[in-house]
Amino acid sequence: MIIKSLNTLNEEIIKEIRELELLCIQYDNLKGEIFLDNSLTFNRDIKNIFLAYEDEKLISLIYMFIPRKKEAEISAYTMPEYRRRGYFKELLLRAIKELQEYNIPDILFVCESQSKNGKEVIKHIHGKYDFTEYVLKYNSENNIVKKHNDSKVELYKVELEDMDTLITLNEKIFKQSYEEIKTMVMNTFKSEDRESYLGVLNGEFIGMGALAFDGDEVTIFDFGVSPKHQGKGIGQELLMLLIKEIKKLNRNNIILEVDSENERAFNLYKKCGFEIQRAVEYYRRKVI
């Protein structure tokens with residue numbers, strides 16, 4: 001077995017990952033795929049991709065998404081005929097060693113709800129259920145966007161000089177530390193495949209949202225409205241504006257994610273024409 005530990009991807013490796021991923025998705029009857037984007041990693045020096053090869057063929061992988069220092073989200077695939085032979089275990093040991101070097105305390109294992117094999121592995125390595133996240137997809141046949149041509153909210157694309165405003169708004173909405181938010185906001189701004197927007201009402205910045213582009217798919221993330229403007233229909237107006245912006249680019253494959261415990265956001269997204277595509281469960285364990 002040959003193991004590669006990386007923090008960047010080239011086209012050849014992405015092709016290998018997608019081929020293994022497709023094989024596992026078909027075998028395990030899964031629906032999702034790994035979003036291979038390191039642009040939000042809080043420290044670009046961290047090795048977050050671990051690949052195991054036999055006879056120059058990729059047979060197992062671990063990918064870590066680490067936007068914040070407090071935890072790493074781990075997704076993994078192993079070719080069906082090579083399972084239960086220790087490949088994932090060896091990759092996980094390498095990943096844990098890397099996380100220890102950067103003092104990252106927690107792992108979140110990502111597992112689609114219907115993945116029996118995935119849940120068995122996570123149980124074996126003592127992962128404890130933490131929460132479920134729904135992946136929602138916009139129904140492009142929904143005409144609700146057309147009903148929001150009289151919105152009082154305006155959409156403003158973020159520029160470098162808006163960073164302080166965006167960071168302050170993030171702090172109010174998501175209650176995270178300044179340094180974590182600053183890193184996330186700056187990484188999003190620098191990414192070639194992501195764009196950030198602010199919502200403006202009567203000259204005041206009242207909300208925000210960001211877009212991530214991956215082929216034909218566009219993901220809405222970091223969406224929120226300031227606390228004092230919540231419950232007034234502004235969230236729906238802002239979301240409709242983001243969808244309109246995406247449609248201008250002739251993109252109709254629009255998705256977003258929502259925590260199952262965030263009932264208010266979940267109901268808003270359904271009201272705006274989003275439908276459940278799949279459920280993803282997260283299991284937590286300490287790195288050490």
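## Terms and model

Buried means under 20% relative accessible area, exposed means over 50%, and partly exposed lies in between (1.4 Å probe, protein chains only). Helices (H or I, at least four residues) and strands (E, at least two) are DSSP runs, numbered from the N terminus.

This is a predicted model: local features need pLDDT of at least 70, side-chain atom pairs count only at pLDDT 80 or more, and totals for chains, interfaces and linings use all residues. Residues are numbered from 1 along each chain as its sequence is written, and side-chain values use heavy atoms, with hydrogens and water left out.

## Helix α1

The buried residues of α1 are Ile13, Glu16, Ile17, Leu20, Glu21, Cys24, Ile25 and Asp28. They cover an arc of only 165 degrees around the axis, which puts them on the same side of α1. The arc is taken over the directions from the helix axis to the C-beta atoms. An α-helix has 3.6 residues a turn, so residues three or four places apart point the same way.

The buried residues of α1 pack against β1 (2–6), β2 (49–54), β3 (57–68), β4 (71–78) and α3 (116–124). Contact here means heavy atoms within 4.5 Å. The face turned away from the buried side carries exposed Glu11, Glu12, Lys15 and Gln26. The 18 residues of α1 should span 26 Å at 1.5 Å a residue, and the end C-alpha atoms are 25 Å apart, which agrees. The expected span is 1.5 Å times one less than the number of residues.

## Helix α2

Helix α2 covers residues 87–101, 15 residues in all. From first C-alpha to last, α2 reaches 22 Å, close to the expected 21 Å. Its buried residues are Tyr87, Phe88, Leu91, Leu92, Ala95, Ile96, Glu98 and Leu99. Seen down the axis, they fall within an arc of 160 degrees, so they line one face of α2.

Exposed Lys89, Lys97 and Glu101 sit on the face of α2 turned away from its buried side. Just after α2, Asn103 takes a positive phi of about 55 degrees.

A cavity is a set of points, on a 1 Å grid over the protein atoms alone, where a 1.4 Å probe fits but cannot get out; lining residues have an atom within 4 Å of a point. The structure holds one cavity of 30 Å³ or more. The largest cavity has a volume of about 80 Å³. Its lining is Leu166, Asn170, Met184, Val185, Thr188, Ser196, Tyr197, Met208, Gly209, Ala210 and Asp222. Elements giving two or more residues to this lining are α4 (163–174), α5 (178–190), β8 (194–201) and β9 (204–214).

Ser196 is in strand β8. Ser196 is buried, with a relative accessible area of 13%. Leaving aside neighbours within four places in sequence, Ser196 is in contact with Tyr156, Lys157, Val158, Leu166, Thr188, Gly209 and Ala210.

## Glu245

Glu245 is found in helix α6 (residues 234–248). At 23% relative accessibility, Glu245 counts as partly exposed. Leaving aside neighbours within four places in sequence, Glu245 is in contact with Leu155 and Tyr197. Glu245 and Leu155 are 90 residues apart in sequence and 8.9 Å apart in space, C-alpha to C-alpha.

Definitions and conventions: 1 Å grid on protein atoms, 1.4 Å probe; cavity = no way out; pocket = protein on both sides within 12 Å on 5 of 7 lines; lining within 4 Å. Points joined across faces, edges and corners; volume = space filled by probe spheres on them.
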